[in-house]
Amino acid sequence: QYLPLQTWPDSINQVNKMALLTWMKETGIDLVQINGQRRYGGPPPGWVGGPPPTGSEVFIGKLPQDVYENTLIPLFQSVGKLYEFRLMMTFSGLNRGFAYAKYSSRRSAKMAVMALNNFEVQKGCSILVCRSTEKRELSLDGLATSLSQKHLEVLLQEAAEGILSITLYPSPYQKQAQLAVLKYSSHRAAAMAKKSLMEGNTRISEEELRVEWVKPDLKQRLRCSEEKPSAIWVPRGKCPGSPKQAHVPPSPVLGKALDLLDTLCWRRHLGTPLFFTKCIQANPDGWLRFWCQVVIPGYPLPLSGFMWVRQDVSGASGHDKAKDMLAMQVLRILGES
């Protein structure tokens, strides 16, 4: 029997949620939830001095979704002093299968990897602990050539705090467009900005923007900007946001991608993929635009983007089609299609 929509999230995993609340009252620890992640510290009470050096953070994956901070924080504090702990959360109150722990020193982070990687946090559930890459730079492609650096800085302040610098370049991938490299004070600030920009919470352009972590090959392209790059995706037509112009060619994998991805993740011991979809635009001609995200517990970062799908009479919902298209893209990333 299905629970009413307004009550089912609070009814999931109630025992562990109550245990978490009891632990918070007993310890006096405060947890703050912002934009899909719940945070302790950053800095913690009594902290003196600046933030820890780069390399002090670990990534925690393969978490059972019903485990909370009352179990995880004491566990990770057992190997060193924590500066910050971030647990990624779903709308239902379950965790998304991964978290980040930042220590007071690189030595403590190294100890956490050595002591807690493959630790059995529940019977039959061993977690993954490894060094976090702590990326701090984003690329924002598809900006209008008329957009100034000062105006862009004002707009980006709405996305997240912690931006240190903005550098504008002619886009190496699109004609008549700019690409911005955004540098943030921390990985958390950059991740929050990326999430806000990808979900469309911060309005910068009428066109769809491409938001990514800065990769070494992009830095090389920008350094060698006199060399003409080849296009890496289909450019948009004159009609802004036209789904037909950006339509992905059909693939024999499409329609079976969800099953194939489940099988691949099982074979590689990555855990079960968890999908989130949200319809953000519906056109009169039947095209639907979705924001989609998949979290794979054993993969370092969630994968997300925007998808256009066509509503038809086949019986498949737009959400199912969007999930299948995202699954196909993930299969390509993992080298399986």
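**Strand pairing and cysteines in a predicted model**

Gln 33 stands opposite Arg 38, a residue of strand S2. The model is a predicted one, in which local features need pLDDT of at least 70 and side-chain atom pairs count only at pLDDT 80 or more, while totals for chains, interfaces and linings use all residues. Residues are numbered from 1 along each chain as its sequence is written, and side-chain values use heavy atoms, with hydrogens and water left out.

S2 pairs with strand S1, residues 32-34, in the antiparallel sense over 3 bridges; two strands pair if DSSP finds at least two bridges between them. Together S1 and S2 form a hairpin with 2 residues between them, and Asn 35 in the turn has a positive phi of about 50 degrees. S2 also pairs with strand S4, residues 82-89, again in the antiparallel sense, here over 5 bridges. In this pairing, Gln 37 stands opposite Met 88 of S4.

Turning to the cysteines, the structure holds 0 disulfides, a disulfide being a pair of cysteine sulfur atoms within 2.5 Å. Cys 279 is in no disulfide, and the nearest cysteine sulfur, that of Cys 292, lies 9.7 Å away. Cys 279 is partly exposed, at 36% relative accessibility, whereas Cys 265 is buried, with a relative accessible area of 1%.

Technical notes. Helix = DSSP H or I, 4+ residues; strand = E, 2+ residues; numbered from the N terminus. Buried < 20%, exposed > 50% of the residue type's maximum accessible area, 1.4 Å probe, protein only.
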